[in-house]
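Subject: Structure for you to look at

Hello,

Here is the structure I promised to pass on. Please have it open while you read; my notes follow below.

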Amino acid sequence: MTVTGILVAIVVGLIIGALGRLVVPGKQNLPIWLTIVIGIVAALLGTIVAGAFGVKDTAGFDWIEFFLQVIFAAIGVAIVAGTYGRRRV
């Protein structure tokens, strides 16, 4: 993986992670690095699932893949915020 690929993954992870945090109700006390990690993992999972369903490559913007990524990010934020918040008390 190139340096550009790593930077793109970080930016996409930040965007997907932030959107996942917006979807989950309530306040999440997560650091930005953890949001980025959740976003990167969610983006990878969303791409894999979209590929499995055959909707990874479509004409124009891949909305289904994007929504899958945001859903995975929201699930990840909800799980990690619940465990991270209890552990840090």
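Which are the buried residues of H2? They are Leu34, Thr35, Ile36, Ile38, Gly39, Ala42, Ala43, Gly46 and Ala50. Buried means under 20% relative accessible area, exposed means over 50%, and partly exposed lies in between (1.4 Å probe, protein chains only).

Two notes on the source. This is a predicted model, in which local features need pLDDT of at least 70 and side-chain atom pairs count only at pLDDT 80 or more, while totals for chains, interfaces and linings use all residues. Residues are numbered from 1 along each chain as its sequence is written, and side-chain values use heavy atoms, with hydrogens and water left out.

Overall layout

The protein has three helices and zero strands. Along the sequence the pattern reads α-α-α. Helices (H or I, at least four residues) and strands (E, at least two) are DSSP runs, numbered from the N terminus. The C-alpha atoms fill a box of roughly 45 × 30 × 20 Å along the principal axes. Of the 89 residues, 31% count as buried. Take the contacts (heavy atoms within 4.5 Å) between residues at least 6 apart in sequence: 63% of them join residues at least 24 apart.

Helix H2

H2 covers residues 32–53, which is 22 residues. Its first and last C-alpha atoms are 31 Å apart, close to the expected 32 Å. That expected span is 1.5 Å times one less than the number of residues. Gly54 follows H2, and its phi is positive, near 80 degrees.

The cores

A nonpolar core is a set of buried Ala, Val, Leu, Ile, Met, Phe, Trp, Tyr and Cys residues joined through side-chain atoms within 4.5 Å. The largest one has seven residues: Val24, Leu30, Leu34, Ile38, Ala74, Val77 and Tyr84. H2 and H3 each supply at least two residues of this core. H3 gives the most, with three. Another core, of five residues, lies apart from it; Ala42, Phe66, Val70 and Ala73 are among them.

Gln69

Gln69 sits in helix H3 (residues 63–87). Is Gln69 buried or exposed? Gln69 counts as buried because its relative accessibility is 10%. Its side chain makes a polar contact with the side chain of Thr47, at 3.1 Å. A polar contact is a pair of N or O atoms within 3.5 Å; within protein, one must be able to donate a hydrogen and the other to accept it, and residues adjacent in sequence count only if both atoms are side-chain atoms. Leaving aside neighbours within four places in sequence, Gln69 is in contact with Ile16, Ala42, Ala43, Gly46 and Thr47.

Ala9

Ala9 lies in helix H1. Ala9 is partly exposed, because its relative accessible area is 27%. Ala9 and Ile71 are 62 residues apart in sequence, and their C-alpha atoms are 18 Å apart in space.

Best wishes
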